[in-house]
Amino acid sequence: MKRIKAVYPGSFDPPTNGHLDLIERGSKIFDELVVAVLRNLEKAPLFSVADRRNMLESMTSGFDNVSVETFDGLTVEYAMTVGASAVLRGIRAISDYEYELQMALMNRKLQPSLETVFMMPAEKYSYISSRLVREVAQLGGNIDSLVPELVAQKLREKMDPAFKFAKAEPKPVKVRSGKRKS
Ligand code: PNS
C-alpha cells in the first residue's frame with residue numbers, strides 16, 4: 001500500500017496551539033508528517049530557527065509519525081526532496097483562504113504532482129496567529145491558553161527582562177559590619 005508523506009511548512013514564530021492542533025489532525029490522516037520550519041533570511045524572526053525547531057520537537061514528541069525539519073528555498077522543491085506527495089496547510093477563517101489558495105495554485109503550477117491539503121483547526125484556535133501571539137506577549141498580555149506551556153515560558157523569557165533577572169544567579173549580599181541602627 002502507498003504510504004503518504006506530507007510536509008507542513010511554515011514560519012512557526014512561535015508555534016501555537018493552533019499549529020499543534022493541525023499537526024495532530026495531519027498525523028491522523030498522513031502516514032508521515034514533516035513539520036518544516038522555513039529558514040527565511042529576509043524576515044527578522046523573534047525566535048531563531050533552532051529555537052523554533054526545538055519547541056516544535058518538544059511539542060510533537062508524542063507523535064510517532066511526526067518529525068521536525070528546517071528548509072530554505074521553494075516548499076515544493078523541499079517536499080519533492082523528502083519524497084512527500086502533499087503539503088498540509090491550515091485555514092482558520094475565510095480571510096486565510098485567498099492567500100492560501102494563491103500559494104496552493106502557485107505550488108501546483110511549480111509541481112503539479114504535489115497536492116495541497118487544507119485542514120481546519122478547532123474553532124477555539126481559529127483566532128490564534130503567531131503574529132498576534134507575539135504582539136500580545138510583547139505588550140505583556142496573557143498568552144497561556146494560546147501556546148503550549150514550553151512556548152509560553154520561552155516567550156516570557158524573551159519579553160520580560162525581569163524574568164531573566166529573577167532567574168539569574170543571586171548576587172552575594174554584602175554584610176556590613178558595625179552597629180545597626182535600631
Ligand atoms: O507560516 P507562514 O509564514 O504562513 O508560512 C508560509 C510558507 C513558509 C508556507 C511560505 O512562505 C513558503 O512556502 N515559503 C517558501 C518559499 C516558496 O515556496 N515560495 C512560493 C510559495 S507559493
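In the classes used here, Ala, Val, Leu, Ile, Met, Phe, Trp, Tyr, Cys and Pro count as nonpolar, Asp, Glu, Lys and Arg as charged, and the others, Gly among them, as polar. On that basis, the shell around the ligand has 6 nonpolar, 5 polar and 2 charged residues. The model is predicted: local features need pLDDT of at least 70 and side-chain atom pairs count only at pLDDT 80 or more, whereas totals for chains, interfaces and linings use all residues. Residues are numbered from 1 along each chain as its sequence is written, and side-chain values use heavy atoms, with hydrogens and water left out.

**Ligand shell**

- The ligand is surrounded by 13 residues (a heavy atom within 4 Å), of which Ser 11, Gly 73, Leu 74, Thr 75 and Arg 89 are the closest.
- Strand E1 (5-10) and helix H4 (94-110) each contribute at least two residues to this shell; such elements are DSSP runs numbered from the N terminus, helices being H or I with at least four residues and strands E with at least two.
- Helix H4 provides the largest share of the shell, 4 residues.

**Polar contacts and cover**

- Polar contacts are pairs of N or O atoms within 3.5 Å.
- A polar side-chain atom of Ser 11 is 2.5 Å from a ligand oxygen atom.
- For the side chain of Thr 75, an N or O atom lies 2.6 Å from an oxygen atom of the ligand.
- Arg 89 places a polar side-chain atom 3.0 Å from an oxygen atom of the ligand.
- Of the 540 Å² of accessible area that the ligand has on its own (Shrake-Rupley method, 1.4 Å probe), the protein covers 75%.

**Salt bridges**

- The structure holds 14 salt bridges (a side-chain nitrogen of Lys or Arg within 4 Å of a carboxyl oxygen of Asp or Glu).
- One of them joins Glu 57 to Arg 53, with the closest N and O atoms 3.3 Å apart.
- Both residues belong to helix H2 (residues 49-59) and are 4 residues apart, about one turn of the helix.

**Loop between E1 and H1**

- Most residues other than glycine have a negative phi, and most peptide bonds are trans.
- Phe 12 lies in the loop between E1 and H1, and its phi is positive, near 50°.
- Pro 14 is also in the loop between E1 and helix H1 (17-29), and the peptide bond from Asp 13 to Pro 14 is cis, with omega near 5°.

Notes
A polar contact is a pair of N or O atoms within 3.5 Å; within protein, one must be able to donate a hydrogen and the other to accept it, and residues adjacent in sequence count only if both atoms are side-chain atoms.
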